[in-house]
Amino acid sequence: MARSSRYLVVCLKNDGYDVSLEKRKIYVAIPDASAAKHGLVRVFDESGDDYLYPGEFFAAVELPTSVRRAVLTAA
């Protein structure tokens with residue numbers, strides 16, 4: 001997956017996923033059209049691997065370019 005296609009989301013809920021997701025934390029997500037059709041989003045969670053989670057748990061985040069770059073580089 002191209003690095004430029006990644007995007008950032010903030011976790012709003014973590015019901016049932018307390019170990020995998022932290023509320024109010026910014027996560028890196030990658031597009032997954034098949035998952036989106038089912039209301040899911042593919043996110044790199046606390047394990048460092050990407051998993052599908054309910055889309056309602058997240059909101060997309062727009063950050064200034066320099067901050068976005070720094071977050072994605074640190075991920």
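Is Y17 buried, exposed or partly exposed? At 32% relative accessibility, Y17 counts as partly exposed, where buried means under 20% relative accessible area, exposed over 50%, and partly exposed in between (1.4 Å probe, protein chains only). The legends below describe a predicted model, in which local features need pLDDT of at least 70 and side-chain atom pairs count only at pLDDT 80 or more, while totals for chains, interfaces and linings use all residues. Residues are numbered from 1 along each chain as its sequence is written, and side-chain values use heavy atoms, with hydrogens and water left out.

View 1. Strands (E, at least two residues) and helices (H or I, at least four) are DSSP runs, numbered from the N terminus, and two strands pair if DSSP finds at least two bridges between them. Strands of a sheet pair through backbone hydrogen bonds, either parallel or antiparallel.

View 2. Strand 1 (residues 7-11) and strand 5 run antiparallel and are joined by 3 bridges; the bridge partner of V9 in strand 5 is A60.

View 3. Strand 2 and strand 3 run antiparallel and are joined by 2 bridges, and in strand 3 the bridge partner of A29 is V43. V43 also has a bridge partner in strand 4, namely Y51, and strand 3 pairs with strand 4 in the antiparallel sense over 5 bridges.

**View 4. The largest nonpolar core.** This core has 10 residues in all: V9, C11, L21, Y27, A29, V41, V43, Y53, F57 and F58. Strand 1, strand 2 and strand 3 (40-44) are the elements that give two or more residues to this core. Apart from it lies another core, of 5 residues, among them V10, V28, V61 and L72. A nonpolar core is a set of buried Ala, Val, Leu, Ile, Met, Phe, Trp, Tyr and Cys residues joined through side-chain atoms within 4.5 Å.

**View 5. The aromatic pairs around Y17.** The structure holds 4 aromatic pairs, where rings of Phe, Tyr and Trp (its six-membered ring) pair if their centres lie within 6.5 Å, and planes under 30 degrees apart count as stacked, over 60 as edge-to-face and the rest as tilted. The ring centres of Y17 and Y53 are 5.0 Å apart and the planes stand at 85°, so the pair is edge-to-face. Because Y17 lies in the loop between strand 1 and strand 2 and Y53 in strand 4, the pair ties together parts that are 36 residues apart in sequence. Y53 is buried, with a relative accessible area of 3%. The rings of Y17 and F57 have centres 5.9 Å apart and planes at 75°, so this pair is edge-to-face as well. F57 is buried too, with a relative accessible area of 5%. Ring pairs link Y17, Y27, Y53, F57 and F58 into a cluster.

**View 6. R24 in its loop.** R24 is found in the loop between strand 1 and strand 2, and R24 has a positive phi of about 70° although it is not a glycine. Most residues other than glycine have a negative phi. At 71% relative accessibility, R24 counts as exposed.

**View 7. Confidence along the model.** The mean pLDDT of the protein is 91, and 93% of its residues reach 70 or more; pLDDT is the predictor's confidence in each residue, from 0 to 100. Among the elements of the protein, strand 5 has the highest mean pLDDT (97) and helix 2 the lowest (88).
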